[in-house]
Amino acid sequence: MTSSIKLHAAQKVGEAARAAASVVHLHAAGTSVVFAADGFGVPAVVHWGAELADSDLPGLVASSTPAVMNSSPDIPRSFSIVAARAYGWSGTPAVEAHSDDVMLDTFALASTDQDGTRVTFTLRDATSSAEATFAYRLDEAGILHVNLTLRNISSKHWMDVTALRSLMPLPARASEIIDFTGRWTREHSPQRSEVRDGTWLRSSRRGRPGHDSSYLTMTGTDGFRFRSGEVWAAHVAWSGNQETLVERLPEGAGVHTSVVGGGELVDAGEVRLAPGASYESPTVMFAWSDAGMDGITARFHTSLRARPNHPRSPRPLLLNTWEAVYFDHDLATLSALAETAAAVGVERFVLDDGWFHGRRDDTAGLGDWYVDDTVWPEGLKPLSDRVHALGMQFGLWFEPEMVNPDSDLARQHPDWILQESPLLESRHQFVLDYSRDEVVAYIVDRLDGIVDSVGVDFVKWDHNRDLHAALGVRGTRQVHAHTRGVYRVLDEVRRRQPRLEIESCASGGGREDLGILQYTDRVWASDCNDPVERQYIQRWTQTLLPPELIGAHVGPAEAHTTHRHAGFSFRAITALFGHAGLEWDITTATREERAAITAWASLYRELRDLLHTGTTVRADDVDDGALLHGVVRPDRSEAVFAWVRTATSATAHSPRVPIPGLDPSLTYRVRVRDEIGGGIRHQIADPAWMTDASFACTGAVLAEGLPLPVLNPGQALLLHLTAESAV
């Protein structure tokens, strides 16, 4: 059958389905997504943005057909959810698959199933080889969740899947892009560029999103900022190889100008479907805001907090032992550290790397998840019992996906290891093949056994290297199957241990996607605890994730990774805006330092309900080297802000600095919370309002701004605002 005959046949099927299909309008939280059939009878997104009334739809649909252009098809161009060359689309396709050398790109609508804010479109290809399902759900926060499924409905032919991409159209005013890059100890560094003709493609082939992950791809109007501009964003909720793109063709995308989207990056041969089998893409999440990047942030935070598995209990103040003892483990030392931790207000004590068989340094032992009886002759239970007796939870470090060649596991089961050149050994380790059922069973049983026998409340799950070649025993790429295997392990461990909490750490922030967070309770944002670096890392990590999901710790005065020195108040205020903790041998702290830690722990317990339920806001109008960020209670009755100086600037004073996110009609008492220090000044005297204990003003005045003190670099000031009465 020639391609023109196939297309004609598909059009006939599409015409029949189009007669029964109506315009689909999903709307929630001020957002509308509208679908209508294009000229081929295939659903197309005709609007994604501000919420529309049903009365707007006839005019919207009637005006969704562009002009017919020169040197172009003799029909108006369209951009359907299938986005295929068979419909005149010359850009990146949504579906890339083939069966017996026949490309699957001609689909016709078979059915539409709408239920409230959900719609599922089912399409079949012209050869009756494949069925494609496009599922859209608009949640209560206005986040659009998109899942694509491709099923092989052939009775005898295998199908190779190259890509299933979720793509959404953008208007011409979406003219700039912000996404992210980074490295170890400096994750989520933003980069801004223009939307140009061609494809802005970000691909991760690291077996995890990586420290340089695009993370959240945002497109917006010229100069969009935290508090202003219209923004469209996309996130791929997947923990393996992936891609995101922004693409603009000279002919546009139907009546739209460009597209944004992404999906899993599938290697050749990774997804082969037998007759009857199917492949489901990772969820891609899309958000729109007319209130700048903070509007995007508010939508994602609201959506995440509505999940049934979102942490509900107060986030316990944590001490992790890594920078306190490294591999130097013994019961007396760690018991003393636990006693000191409990005395200053720590609520969760986490024993890091070095507790298992043969693990005296990072060259051996990974994979042998048995307590090392040469270091712990009575096992870990005495330490766990002591921690629990002190009123704290007990946590334990694992790196379950990895194996050292110098381990019993590697010697006994070399076939369990993903194959790559020995020269690609990284941190003296390789990666277990989680596509194998026996590997999954071994890891589940070892974690479950240790958690039960030791009494573990919290697991720090680490992942300290990229997956490069990642070949199975038959020489095929295994990142897709490995990632699914990781999810299987996490899911089963959580089923067996429903009260267990798990942190996703990947050399810091190398795996901080919303796929892994379906199975974990927080992420470790970075291995860097330097507060200057952390201010920026946390600022941008919070664009997607709420503070309660982001591990943020106070380290010693000299940062482990940068060797920069910082005062306690700056370190403590920085860590306050996350799931706070300590990474420090506090047995060596002075009496004054312990008193400061105790005051900080008390302040964290006082403010964490606000910090972990409120709206994250970030000010735009500050000079270079300064940051103002905060969290505002949802009813806007209370807020806490950090005024931060990371570097000097040429500005000689701090003029009125707008305090965003408040209710203009409420009167707020503004006070400095200096229990943990107030920041060293670079001035003669503070602004006059700071010396008035009764100072209060309206949210409207605060939106205009307060003059703030000029701080020296490496300093921070904590402001606490409470509403007094309505005006």
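Predicted model: local features only at pLDDT ≥ 70, side-chain atom pairs only at ≥ 80, totals over all residues.
**Exercise 1. Determine whether the radius of gyration agrees with or departs from that of a compact globule.**

Solution. The radius is taken over C-alpha atoms, and the globule rule is 2.2 Å times the number of residues to the power 0.38. For 727 residues the rule gives a value near 27 Å; the protein has 27 Å, and therefore the two agree. Along the principal axes, the C-alpha trace spans about 85 × 70 × 40 Å. Buried residues (under 20% relative accessible area, with a 1.4 Å probe and protein chains only) make up 60% of the 727 residues.

**Exercise 2. Identify which strands pair with strand 27 and in which direction they run.**

Solution. Strands are DSSP runs of E with at least two residues, and helices are runs of H or I with at least four, both numbered from the N terminus. By this assignment the protein has 13 helices and 39 strands. Two strands pair if DSSP finds at least two bridges between them.

Step 1: strand 24 (residues 393-398) is joined to strand 27 by four bridges, and the two run parallel. Here glycine 395 has phenylalanine 458 as its bridge partner.

Step 2: four bridges also join strand 27 to strand 28 (residues 501-504), again in parallel. Valine 459 has isoleucine 502 of strand 28 as its partner.

Step 3: within strand 27 (residues 458-461), Phe458 and Lys460 point one way, Val459 and Trp461 point the other way, and all are buried.

**Exercise 3. Explain why histidine 480 counts as buried, and list the residues that it touches.**

Solution. Histidine 480 is found in helix 9 (residues 479-496). Its relative accessibility is 13%, so histidine 480 counts as buried. With contact meaning heavy atoms within 4.5 Å, and not counting residues up to four places away in sequence, histidine 480 touches Trp238, Glu264, Glu270, Val271 and Tyr279.

Note on methods:
Residues numbered from 1 in each chain as written. Heavy atoms only, no water. Buried < 20%, exposed > 50% of the residue type's maximum accessible area, 1.4 Å probe, protein only.
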